[in-house]
Amino acid sequence: MLQLQHAAGDRHLLRHLIFTLAELYTNLSKNRQDEVSAAKGSSQSDMEVAEKFWTSHYPAEAPVVEFPGESNRPAIRNFEAKSCSLRFDEQLSGSIQALATAMQSSLTDLLRAAFELFVYRLTSQRELVIAGSLHEGRDTMSPQTGSIPYFLRIDPKAPFSELLQDRIRYYSEARKHADFTADDLALRLGVPDDAARVTLVPVRFDAYNESVIPDFDGSRCTVYNYPRAHEYHEVFAECVISSNEISFRLRFNAGLFDAGVMDLRLHEFRTLLESICDDLSPEPSPQRLESLLAGARAMAAGEYVSVR
């Protein structure tokens with residue numbers, strides 16, 4: 001409703017004002033529609049580029065991660081979860097950070113590449129899909145929703161330095177196309193639904209900075225994530241980075257994995273990181289890492305049977 005004080009003008013002025021406002025509104029609306037159409041066209045183009053990126057990196061049949069140590073997989077998956085954690089000491093945490101600096105890598109990218117190599121060593125699968133967060137590298141209070149379906153095709157003979165540089169380039173490109181979700185990709189690739197499995201991204205790795213919480217007038221506030229009783233991913237690995245140490249946690253489907261075996265996985269991953277950081281040498285190959293992990297693997301020799 002538009003009202004005009006009678007002392008400011010008569011109905012003729014009001015009529016002229018209404019027509020002027022109508023013309024302005026019509027032009028504004030038309031311009032807005034043009035902008036929306038242009039933005040929609042641009043958005044469609046961006047999605048086409050993203051789709052082309054993801055499909056060009058994936059094989060015709062998306063790989064399925066098969067972890068050793070799985071129990072008999074039920075016909076319909078459950079969501080019961082357990083977790084275990086390990087805090088790296090200051091020496092190892094400092095060595096990892098120094099290595100990231102020496103390799104001109106972010107700490108999150110180095111940890112992700114190391115975890116991908118770790119999963120390869122456990123599964124012997126040269127093609128893997130390990131999801132990551134849209135907000136990876138931020139803090140623990142950032143939303144952890146959404147997954148980027150990172151694809152890995154590993155060369156077993158390549159040194160870690162070569163793997164890392166290749167993965168840094170890939171991560172950078174993949175994050176530009178994060179709007180094309182794992183669900184979009186699974187649909188585009190025609191990945192069949194399986195009630196017994198998580199589609200495309202059963203394994204996820206996130207690395208992020210510990211939240212800095214200010215004091216409240218002398219009262220200290222802390223943020224704590226309680227262990228979840230249910231887990232969507234079959235294996236969800238998290239690295240939390242603070243100023244002087246790194247902690248690693250595994251959340252996993254308790255119906256598939258034994259808690260003792262998963263606790264062993266934590267120590268195996270630490271062993272791998274120690275081997276990579278030894279003398280700040282980024283050159284250990286997967287074959288060398290195999291020998292470093294042999295002792296730890298022997299402890300769980302009875303658990304290394306892949307269930308398909």
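The legends below describe several close-up views of one predicted protein model.

The residues are numbered from 1 along each chain as its sequence is written. In this predicted model, local features need pLDDT of at least 70 and side-chain atom pairs count only at pLDDT 80 or more, while totals for chains, interfaces and linings use all residues, and side-chain values use heavy atoms, with hydrogens and water left out.

**View 1. The protein chain as a whole, with its helices and strands.**
The protein chain contains 7 helices and 6 strands, where helices (H or I, at least four residues) and strands (E, at least two) are DSSP runs, numbered from the N terminus. Along the sequence these elements come in the pattern α-β-α-α-β-β-α-α-β-β-β-α-α. Of the 308 residues, 44% count as buried, a word that stands for under 20% relative accessible area, whereas exposed stands for over 50% and partly exposed for values in between (1.4 Å probe, protein chains only). The protein chain exposes about 17100 Å², and carbon and sulfur atoms supply 52% of this area; accessible areas come from the Shrake-Rupley method with a 1.4 Å probe, and for residues only the protein chains shown count as cover. Contact means heavy atoms within 4.5 Å, and among contacts between residues at least 6 apart in sequence, 76% join residues at least 24 apart.

**View 2. Confidence along the protein chain.**
The predictor's confidence in each residue is given as pLDDT, from 0 to 100. For the protein chain the mean pLDDT is 78, and 68% of the residues reach 70 or more. Among the elements, helix 3 has the highest mean pLDDT (95), and helix 7 (residues 286-298) has the lowest (51). Over residues 139-144 the pLDDT stays under 50, and the model has 20 contacts beyond four places in sequence for them. The pLDDT is also below 50 over residues 298-308, a stretch with 24 contacts in the model beyond near neighbours in sequence.

**View 3. Helix 2 packed against helix 6.**
Two packed helices are described by the angle between their axes and the distance between the axes. Here the axes are lines fitted to C-alpha atoms, for helices over the stretch in contact, and angles run from 0 to 180 degrees between N-to-C directions. Helix 2 and helix 6 (residues 259-277) pack at an angle of about 55°, with their axes 10 Å apart. The two helices are therefore oblique to each other, since angles under 35 degrees count as roughly parallel, over 145 as roughly antiparallel, 65 to 115 as roughly perpendicular and the rest as oblique. Their crossing is left-handed, the term for a near helix turned anticlockwise from the far one by less than a right angle, while right-handed is the term if it is turned clockwise. Leu92, Ser95, Ile96 and Leu99 in helix 2 meet residues of helix 6 including Arg270, Leu273 and Cys277.

**View 4. Helix 3 packed against helix 6.**
Helix 3 packs with helix 6 at an angle of about 120°, and their axes are 10 Å apart. This makes helix 3 oblique to helix 6, and helix 3 passes helix 6 in a right-handed crossing. Among the residues of helix 3 that meet helix 6 are Phe115, Phe118 and Leu122, and their partners in helix 6 include Phe269, Leu272 and Ile276.

**View 5. Two loop residues with positive phi.**
Most residues other than glycine have a negative phi, and most peptide bonds are trans. Gln104, which is not a glycine, has a positive phi of about 55° and is placed in the loop between helix 2 (90-102) and helix 3 (107-123). Leu200 also has a positive phi, near 70°, and is found in the loop between helix 5 (182-189) and strand 4 (203-209). Gln104 counts as exposed because its relative accessibility is 73%, whereas Leu200 counts as buried because its relative accessibility is 6%.

**View 6. Arg167 and its surroundings.**
Arg167 lies in helix 4 (residues 160-176) and is buried, with a relative accessible area of 3%. Not counting residues up to four places away in sequence, Arg167 touches Ala113, Glu116, Tyr150, Phe151 and Leu152.

**View 7. Glu51 and Asp184.**
Glu51, placed in helix 1 (residues 11-57), is partly exposed, with a relative accessible area of 25%. Glu51 and Asp184 are 133 residues apart in sequence and 8.5 Å apart in space, C-alpha to C-alpha. Leaving aside neighbours within four places in sequence, Glu51 is in contact with Phe180 and Arg188.
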